Amino acid sequence: MSEETASGQFTPEWRSSGGGRPRCPFCGSTETELFSLFGQQLLTAQYYCNGCHTPFEYIKGDDVLEDARAKLTSPEE
């Protein structure tokens, strides 16, 4: 199912809205983390779901760049 945004565009249900983490397309969890900036295609990034432990690809946007910036500037655990 999709939802309509304020600009009139449809967003898939699993894609996050409001700048949060992308939702896992398998379990719907938002407990996801950026795994790699590059997926199988140049326009995708790889994420990992901590809920169902499944990697998935996500179409890049400004939110992916924000995740990468945060990951690079945060101290390693």
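A nonpolar patch is made of nonpolar side chains joined within 5 Å, from residues with over 30% relative accessible area and no salt bridge. The model described here is predicted.

**Overall layout**

Read from the N terminus, the order is β-β-β-β-β-α. The chain holds 77 residues, and 22% of them count as buried. Its accessible surface comes to about 5600 Å². Carbon and sulfur atoms own 53% of that surface. Among contacts in the chain with a separation of 6 or more, 25% link residues 24 or more positions apart.

**The surface patch**

Leu 37, Phe 38, Leu 42 and Leu 65 form a nonpolar patch on the surface. Together they have about 430 Å² of accessible area. One of them, Phe 38, sits in the loop between strand S3 (32-36) and strand S4 (44-49). Phe 38 counts as exposed because its relative accessibility is 54%, and the cut-off for exposed is over 50%.

**A buried loop residue**

Ser 29 also has its place in a loop, the one between strand S2 (10-12) and S3. Ser 29 is buried because its relative accessible area is 17%, and buried means under 20%. Beyond its neighbours within four places in sequence, Ser 29 is in contact with Pro 22, Arg 23, Cys 24, Cys 49 and Gly 51.

| Residue | Relative accessible area | Class |
|---|---|---|
| Phe 38 | 54% | exposed |
| Ser 29 | 17% | buried |

Methods: Residues are numbered from 1 along each chain as its sequence is written. This is a predicted model: local features need pLDDT of at least 70, side-chain atom pairs count only at pLDDT 80 or more; totals for chains, interfaces and linings use all residues. Side-chain values use heavy atoms; hydrogens and water are left out. Helices (H or I, at least four residues) and strands (E, at least two) are DSSP runs, numbered from the N terminus. Buried means under 20% relative accessible area, exposed over 50%, partly exposed in between (1.4 Å probe, protein chains only). Contact means heavy atoms within 4.5 Å. Accessible areas come from the Shrake-Rupley method with a 1.4 Å probe; for residues, only the protein chains shown count as cover. Patches are made of residues with over 30% relative accessible area and no salt bridge: like charges are joined within 9 Å, nonpolar side chains (Val, Leu, Ile, Met, Phe, Trp, Tyr) within 5 Å. A salt bridge is a side-chain nitrogen of Lys or Arg within 4 Å of a carboxyl oxygen of Asp or Glu.
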